[in-house]
Amino acid sequence: MKSPIVVIGLGELGSVFARGFLRLGYPVQGITRDMDIQVVSDVLPRPEAVLVAVGESDIGSVLQTLPEKWKNRLILLQNELLPRDWQNAEITDPSVISVWFEKKKGIDSKVVLPSPIYGQHARLLFDALAQIDLPSFIVDSAEELEYELVRKNLYILTTNIAGLEVGGDVETLSQQHAELMNEVASDVLDIQDYLTGNQCNRERLLEGLNEAIQGDLKHGCMGRSAPARLTRALSFADQAGLEVKTLRRIAEAHL
């Protein structure tokens with residue numbers, strides 16, 4: 001029998017991946033909020049992989065309390081994820097997937113773009129998603145992974161934050177409010193430069209943003225997490241001493 005895969009967080013995304021792993025023949029051990037991770041790690045010290053599928057607000061605390069014996073088996077998939085998030089928890093070289101499909105309760109997964117994957121478990125993730133007809137591809141360098149993570153952050157933060165101002169869908173945002181979208185995107189990329197410690201390739205990233213918009217033109221701009229995303233973005237801007245005028249104007253009007 002194959003070694004089990006641990007899935008921390010059995011919400012919509014965690015359940016999607018668990019189904020893919022099960023179809024590949026892997027036993028899956030789910031971990032919910034009321035379970036003791038340390039106890040589970042004593043029973044399963046060497047699982048095939050450990051997928052962390054908690055939300056953005058919980059990822060920091062989960063990584064800080066993760067059993068040491070699991071740290072070299074990690075798969076991460078959170079939005080707003082960047083290398084500093086796992087490095088701050090003294091984790092090196094996790095497998096990472098930038099998820100470009102949306103899963104809501106009672107609704108099938110909706111794909112915006114194929115999801116990029118990097119790391120030692122890339123083939124496992126690719127095969128698991130293929131079992132449930134979700135497209136993905138494997139990237140071959142940490143630099144390319146960083147681009148993909150920043151691109152996802154740019155899409156989510158730009159559409160969510162601009163959505164606080166104008167609502168609607170991404171097609172309307174890009175066609176009728178292009179100036180606002182570009183101003184928000186510029187502020188977001190200033191923050192991403194600070195968080196990555198690198199100068200982003202803005203031309204390529206803006207092309208990637210447009211590709212994502214074209215992938216699902218009717219995707220709503222403002223999810224329920226939009227105010228929290230803007231608040232987090234401004235906290236990073238404050239740390240970096242960034243002006244981000246447009247983000248601050250939207251916060252003053254809508255937070």
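Author: Buried residues make up 50% of the 255 residues in the protein. Keep in mind that this is a predicted model.

Reader: What radius of gyration does the protein have, and what would a compact globule have?

Author: The protein has 18 Å. A compact globule with 255 residues would have a radius of gyration near 18 Å, so the two agree. Along the principal axes, the C-alpha atoms fill a box of roughly 55 × 35 × 35 Å.

Reader: How many helices and strands are there?

Author: Eleven helices and nine strands.

Reader: And what share of the contacts comes from residues 24 or more positions apart?

Author: They account for 64% of the contacts with a separation of 6 or more.

Reader: Now the inside. Which residues touch the most other members in the largest nonpolar core?

Author: Ile8, Trp70, Leu76, Trp86 and Leu247 do, in a core of 63 residues. Helix 6 (residues 142–166) gives this core its largest share, eleven residues. There is also a second, separate core of 24 residues, which includes Phe17, Ala53, Ile117 and Ala128.

Reader: Why would such side chains end up together?

Author: In soluble globular proteins, nonpolar side chains tend to be buried together.

Reader: Pick leucine 76. What is leucine 76 in contact with, neighbours within four places aside?

Author: Its partners include Val52, Ile59, Leu63, Leu81 and Trp86. Pro94, Ser95, Val96 and Ile97 are also in contact with leucine 76.

Reader: On to charges. How many salt bridges does a search of the whole structure find?

Author: It finds 18. One of them joins lysine 69 and aspartate 42, with the closest N and O atoms 3.4 Å apart.

Reader: Where do lysine 69 and aspartate 42 lie?

Author: Lysine 69 lies in the loop between helix 3 (56–64) and strand 4 (74–76), and aspartate 42 lies in helix 2 (residues 37–43). The pair therefore ties together parts that are 27 residues apart in sequence. Lysine 69 is partly exposed at 38% relative accessible area, while aspartate 42 is exposed at 55%.

Reader: Which residues are linked in a network of salt bridges?

Author: Glu56, Glu80, Arg229 and Arg232. Arginine 229 meets glutamate 56 at 2.5 Å, N to O. That pair links helix 10 (residues 226–240) with helix 3, 173 residues apart. Arginine 229 also forms a salt bridge with glutamate 80, where the closest N and O atoms are 2.5 Å apart. Here glutamate 80 sits in the loop between strand 4 and helix 4 (83–87), 149 residues from arginine 229 in helix 10.

Reader: Is arginine 229 buried or exposed?

Author: Buried, with a relative accessible area of 7%. Glutamate 80 is buried too, at 16%. Glutamate 56 is partly exposed, at 24%.

Terms used
Residues are numbered from 1 along each chain as its sequence is written. This is a predicted model: local features need pLDDT of at least 70, side-chain atom pairs count only at pLDDT 80 or more; totals for chains, interfaces and linings use all residues. Side-chain values use heavy atoms; hydrogens and water are left out. A salt bridge is a side-chain nitrogen of Lys or Arg within 4 Å of a carboxyl oxygen of Asp or Glu. Helices (H or I, at least four residues) and strands (E, at least two) are DSSP runs, numbered from the N terminus. Buried means under 20% relative accessible area, exposed over 50%, partly exposed in between (1.4 Å probe, protein chains only). The radius of gyration is taken over C-alpha atoms; the globule rule is 2.2 Å times the number of residues to the power 0.38. Contact means heavy atoms within 4.5 Å. A nonpolar core is a set of buried Ala, Val, Leu, Ile, Met, Phe, Trp, Tyr and Cys residues joined through side-chain atoms within 4.5 Å.
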